[in-house]
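Visitor: Could you walk me through this model, please? I would like to start with the whole chain and then go on to single residues.

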Amino acid sequence: WLMPGLRGLGIAVAFLVLVWTFRDLDVARVGEVIARAGGAALVWALVPMGIALAIESFGWTWAFRRAGHGVPYLGVFRARVTSEALALTLPAGMLFCESTKPFLLARHCGLGAEVSIAGMAARKYLLLASQAVYISGFALLGAPFLERASQGLIGRGGLEGVLVAVGGVVLVAAIASGVFLRDGRIAERVRGALSRLPLGALRERLERSRGRFVRTDGELSNFFRGGLPAATVPALPFLVSWVLEAVETYLILCLLGVQLPFAAVGALEVALSFMRHITFVLPAGLGV
């Protein structure tokens, strides 16, 4: 009875927080907009997110298989959907959901902690590499719109240059993380850094677990075999998933009767997506 009770309590708290978040909403006005668009038509707004999660899960499955693990696609998809639900509903959920992924991958894919952690690190690399292309691409495609909207959004000109620079920074971060992960010693370095803390019990535990850190490094080496270019190919599904964020926003605007060029919507979505990732303490970036 305890687990169903806790689950029910969690749902109740989530509902109350949702009501509190939208306490100042003009419900009548929202109802008018939805009625004008057609409530049934707005169901289509759910489609891009579902497709994006499915495609990204395929990319993550590809990464695991590249490292030599024939994981089931459906298991990866279930783990991805569950972690995304946590990320979007909890305050600071982006941080909390990361700690649940090894458990979810073990439950749905039968993976050990070493393989799961290496797979999570590889996924982060692929996310960074694909996001760099996503940000830079839409910043360039939507530059004329961003130039006109810059003053209203950030109070000055140059928003398009800022986003191109952000894309460059993300690209550098992706390359640096790839090089750092590729050498196959990152887990051992983390263990070494932790073992220098003045905690005897922790040092003993780390020493007993040394083999697991070595195996995690081995898994990363398997993923990066063949060099960074070969390891970056599975980033293509992640890039498609990023683009579907812009498609989702474009579709919602179209359903609500707002006509904007897709490049302009994509450029704006890039800016807002970046801000939502910075303000990760807000559930689903509400307010941004």
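Visitor: Which element has the lowest mean pLDDT?

Guide: pLDDT is the predictor's confidence in each residue, from 0 to 100. The chain averages 83, and 90% of the residues score at least 70. Where pLDDT is low, the predicted coordinates should not be read in detail. Among the elements, helix α3 (residues 47-66) has the highest mean, 94, and the lowest, 72, belongs to helix α9 (residues 186-195).

Visitor: How many helices and how many strands are there in the chain?

Guide: Elements here are DSSP runs numbered from the N terminus: helices are H or I with at least four residues, strands are E with at least two. Read along the sequence, the pattern is α-α-α-α-α-α-α-α-α-α-α-α-α-α. The count is zero strands and 14 helices.

Visitor: What share of the residues is buried?

Guide: Buried means under 20% relative accessible area, exposed over 50%, and partly exposed in between (1.4 Å probe, protein chains only). The C-alpha atoms fill a box of roughly 65 × 50 × 40 Å along the principal axes. Of the 288 residues in the chain, the buried share is 35%.

Visitor: Which residues touch the most other members of the largest nonpolar core?

Guide: A nonpolar core is a set of buried Ala, Val, Leu, Ile, Met, Phe, Trp, Tyr and Cys residues joined through side-chain atoms within 4.5 Å. The largest one has 45 residues, and its largest share, 12 residues, comes from helix α6 (residues 113-141). The members that touch the most others are W60, F223 and F224.

Visitor: Which residues does F223 contact, leaving aside its neighbours within four places in sequence?

Guide: Contact means heavy atoms within 4.5 Å. In the chain as a whole, among contacts between residues at least 6 apart in sequence, 70% join residues at least 24 apart. For F223, with those neighbours left aside, the partners are A63, R66, A67, A122, Y125, L126 and A231.

Visitor: Is S83 buried or exposed?

Guide: S83 is found in helix α4 (residues 73-89). Not counting residues up to four places away in sequence, S83 touches C97, K101 and L104. The side chain of S83 also reaches the backbone oxygen of R80 at 3.0 Å. With a relative accessible area of 0%, S83 is buried.

Visitor: Which residues are linked in a network of salt bridges?

Guide: A salt bridge is a side-chain nitrogen of Lys or Arg within 4 Å of a carboxyl oxygen of Asp or Glu, and by this rule the count is four. R123 pairs with E56 at 2.8 Å between the closest N and O atoms, and E84 pairs with R80 at 2.9 Å. The linked residues are E56, R80, E84 and R123.

Visitor: How far apart in sequence are the parts that R123 and E56 tie together?

Guide: Both R123 and E56 are buried. R123 lies in helix α6 and E56 in helix α3, so the pair ties together parts whose separation in sequence is 67 residues.

Visitor: Where do R29 and E32 lie, in which helix?

Guide: Their side chains meet in a salt bridge, 3.6 Å from N to O. R29 is partly exposed at 44% relative accessibility, and E32 is partly exposed at 46%. Because they are three residues apart, R29 and E32 are separated by about one helical turn, in helix α2 (residues 27-37).

Visitor: What is the C-alpha to C-alpha distance between A113 and Q151?

Guide: A113 has its place in helix α6 and is partly exposed, with a relative accessible area of 30%. A113 and Q151 are 38 residues apart in sequence, and their C-alpha atoms are separated in space by 48 Å.

Technical notes
Residues are numbered from 1 along each chain as its sequence is written. This is a predicted model: local features need pLDDT of at least 70, side-chain atom pairs count only at pLDDT 80 or more; totals for chains, interfaces and linings use all residues. Side-chain values use heavy atoms; hydrogens and water are left out. A polar contact is a pair of N or O atoms within 3.5 Å; within protein, one must be able to donate a hydrogen and the other to accept it, and residues adjacent in sequence count only if both atoms are side-chain atoms.
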